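Let's take a walk through this model, one piece at a time. Keep the 3D view open and follow along.

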Amino acid sequence: MKICITAQGATPDARVEERFGRAPYFILMDSETESFEAVANPFADGAGGVGPKSAQLVIAHKAGALISGLVGGNARAVLESAGVALFAYRSGGSVRDAVHEFRNNTLEQAG
Amino acid sequence: MKLAVASGKGGTGKSMVAANLAFTLAWTGNVTLVDCDVEEPNLHLFFPSPATTRDVTVPVPVVDDSLCDRCGKCGEVCQYGAITVLPDRVLFFPELCHSCGGCMLVCPKKAIREEPKRIGTLSCSAPLPGLKLITGTLDAGNPHAVPLIREAKKQAAQDSVVIFDTAPGTSCPVIEALDGCDACVLVTESTPFGLHDLELAVDVAARLDIPAGIIINRSDGEDTDTLRFCTDHDLEVMMTIPFSRDIAAIQNRGDLLCRVRPEWQKDFCALFMKCRSLAGVEQ
């Protein structure tokens with residue numbers, strides 16, 4: 001499954017960014033092969049409404065699950081409507097750490 | 001003349017100044033007092049009087065699902081993230097919408113129309129023979145103060161002497177209230193916090209190109225730092241109100257300084273004359 005992880009940098013070694021809408025990067029990773037694509041978030045410095053806009057971006061990249069720290073109400077409504085599963089990761093590790101926890105089923109499903 | 005009373009810091013005495021100025025001016029002419037602090041209006045407490053009240057609405061989009069083909073153009077044009085188009089439906093977040101109408105304009109299927117949505121109320125009363133009071137009240141939880149302030153100002157557009165009591169701070173609701181005014185008075189107090197926020201408010205007035213004068217309220221009798229700031233920035237201190245238990249007690253029971261202590265009326269008259277010259281209005 002393709003999963004999206006909010007990240008502070010453009011590689012799987014970057015730390016997970018705990019904010020969703022203003023995350024600098026979205027790492028889109030195949031949870032089986034760990035091949036990935038980094039997408040710079042064009043809304044990271046936006047004035048407002050960045051949650052739903054970032055959610056739309058995640059959906060456009062056909063992610064089935066999202067790993068982030070905290071997802072706001074509007075973004076959550078968009079992601080849940082599109083059937084994206086939400087997982088909370090707030091341990092301060094890297095994108096790769098978060099994906100390993102996801103594969104081990106130790107991440108808490110949020111909402 | 002359109003005069004705004006602003007402050008930066010909250011609780012410095014904006015409403016006290018605005019209410020007493022309006023009360024004093026109403027003896028000799030017509031004055032309109034507009035409460036632009038729509039998230040927490042309080043001027044009606046000084047002037048209890050029957051009011052006529054009407055709803056204020058803003059237009060928000062409604063999508064006709066039978067016409068919409070989910071092309072996504074409305075979501076792309078929305079700068080506020082208020083519309084999200086999914087493959088099978090359109091999600092709308094009214095609290096993010098700024099009522100710009102862009103979504104309706106770009107929709108190729110004409111599937112979007114606008115409907116009015118209530119954001120608050122506007123009340124109008126005549127508590128004294130020469131005084132008109134206009135109060136904007138934003139509905140609790142509604143984030144759109146600016147269109148309500150705009151509506152309150154429109155209500156007073158034809159009046160000759162208008163005093164706008166603004167919200168504290170220097171954000172959008174204050175900018176909207178100040179915009180188009182001939183002059184503003186900035187009420188401060190002799191504390192470090194009062195001075196810090198006064199500096200921000202002075203900067204805002206300068207950027208809006210509105211002449212500003214200063215009122216020092218709850219003066220400690222010295223006001224050293226505030227006076228130095230005013231001298232450095234060529235700002236006139238138009239009035240100084242002492243830190244007084246008597247004034248606080250009058251204020252706390254919802255009364256007016258100029259009603260209980262009429263000798264203050266000449267000070268507020270003098271303040272108004274200074275505001276007129278600040279605004280460049282002929283005497």
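Predicted model: local features only at pLDDT ≥ 70, side-chain atom pairs only at ≥ 80, totals over all residues.

If you want one spot to look at, find B:C124, whose bridge partner in β7(B) is B:I134.

Now look for strand β2 (residues 31–35) of chain B. β2(B) also pairs with β7(B), but in the parallel sense, over five bridges. Here B:I134 turns up again, as the bridge partner of B:V34. As a bit of background, strands in a sheet pair through backbone hydrogen bonds, and they can do this either parallel or antiparallel.

Next up is helix α5 (residues 145–155) of chain B, which is mostly covered, with eight of its eleven residues buried. Those buried residues are B:A145, B:P147, B:L148, B:I149, B:E151, B:A152, B:K153 and B:Q155.

So what do the buried residues of α5(B) pack against? Their neighbours are β2, β3 (51–63), β6, β7 and α6 (172–178) of chain B.

## Chain B as a whole

Zoom out and you'll find eleven helices and eleven strands in chain B. Its C-alpha atoms fill a box of roughly 70 × 45 × 35 Å along the principal axes. Of the 283 residues in chain B, 45% count as buried.

Here's another way to look at the fold. Take the contacts in chain B with a separation of 6 or more: 74% of them are between residues 24 or more positions apart.

## Over to chain A: the sheet

Chain A has an open sheet of six strands with mixed pairing, in the order β3-β2-β1-β4-β5-β6. Its edge strands are β3 (36–40) and β6 (108–109) of chain A, each of which pairs on one side only.

Inside that order, strand β1 (residues 2–7) of chain A runs antiparallel to strand β2 (residues 25–30) of chain A, and six bridges join them. One pair to find is A:I5 with its bridge partner in β2(A), A:I27.

## Two helices crossing in chain A

Which way do helix α1 (residues 50–60) of chain A and helix α2 (residues 73–81) of chain A lie relative to each other? Their axes come within 7 Å and cross at roughly 25°, which makes α1(A) roughly parallel to α2(A). The crossing is right-handed.

On the α1(A) side, the residues that meet α2(A) are A:G51, A:P52, A:S54, A:A55, A:Q56 and A:V58. Facing them from α2(A) are A:N74, A:A75, A:V78 and A:L79. By class, this contact has six nonpolar, four polar and no charged residues.

## Where the chains meet

Last stop: ten residues of chain B are in contact with 14 residues of chain A. The chain B side has six nonpolar, three polar and one charged residues.

Key:
Residues numbered from 1 in each chain as written. Chains lettered and ligands numbered in written order. Contact = placed C-beta atoms within 7 Å. Nonpolar A, V, L, I, M, F, W, Y, C, P; charged D, E, K, R; others polar. Axes fitted to C-alpha atoms, helices over the stretch in contact; angles between N-to-C directions. Helix = DSSP H or I, 4+ residues; strand = E, 2+ residues; numbered from the N terminus. Parallel < 35°, antiparallel > 145°, perpendicular 65-115°, else oblique. Left-handed = near helix turned anticlockwise from the far one by under 90°. Pairing = 2+ DSSP bridges. Buried ≥ 20, exposed ≤ 12 C-beta atoms within 10 Å, placed from the backbone.
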